Amino acid sequence: QVQLVESGGGLVQAGGSLRLSCVASGTIINTGAMAWYRQAPGKQREWVARIATAGSTYYSDSVRGRFTISRDNAKNTVFLQLNSLKPQDTAVYYCNFVYGNSYWGQGTQVTVFS
């Protein structure tokens, strides 16, 4: 069974940085696309970034140039580096893996204060 466990969230001042991790078990992450989503209070979950099996990366307009998605296949882990954080980045961040089915982690809270 595929399991995704996120970590690395926290409370940070605007302009600061965080590094989120998503460790996968029950699968091999380079067999499918990995992505990060986020959901702010009262809002719908939105896509943030994706890394394809071949390593190509894609970002939403709201985070491009500030966030970086990467993957360590040996550790079966996907990362999301968050730089130049803004209060509007405050949300629960979720890891997603798609290979046939779509799998989600439990999320990690990121709170940015000004």
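Here's a quick look at a disulfide and at an asparagine in one of the strands it links. The model is predicted, so keep that in mind when reading the distances. There is one disulfide in the structure, and it pairs C22 with C95. The asparagine is N96, which sits in strand β9, and C95 is in that strand too.

**The disulfide**

- The sulfur atoms of C22 and C95 are 2.1 Å apart.
- C22 belongs to strand β3 (residues 18-25) and C95 to strand β9 (residues 91-99), so the bond ties together parts that are 73 residues apart in sequence.

**Burial**

- C22 has a relative accessibility of 0%, so it counts as buried, and the cut-off for that label is under 20%.
- C95 is buried as well, with a relative accessible area of 0%.
- N96 comes in at 3% relative accessibility, which means it's also buried.

**What N96 touches**

- On the polar side, the N96 side chain makes a contact with the side chain of S102 at 2.8 Å.
- A polar atom of the N96 side chain also lies 3.0 Å from the backbone oxygen of Y103.
- Setting aside neighbours within four places in sequence, N96 is in contact with L4, A33, M34, A35, Y37, S102, Y103 and W104.

Key
Residues numbered from 1 in each chain as written. Predicted model: local features only at pLDDT ≥ 70, side-chain atom pairs only at ≥ 80, totals over all residues. Heavy atoms only, no water. Disulfide = S-S within 2.5 Å. Helix = DSSP H or I, 4+ residues; strand = E, 2+ residues; numbered from the N terminus. Buried < 20%, exposed > 50% of the residue type's maximum accessible area, 1.4 Å probe, protein only. Polar contact = N/O pair within 3.5 Å; in protein donor to acceptor, adjacent residues only side chain to side chain. Contact = heavy atoms within 4.5 Å.
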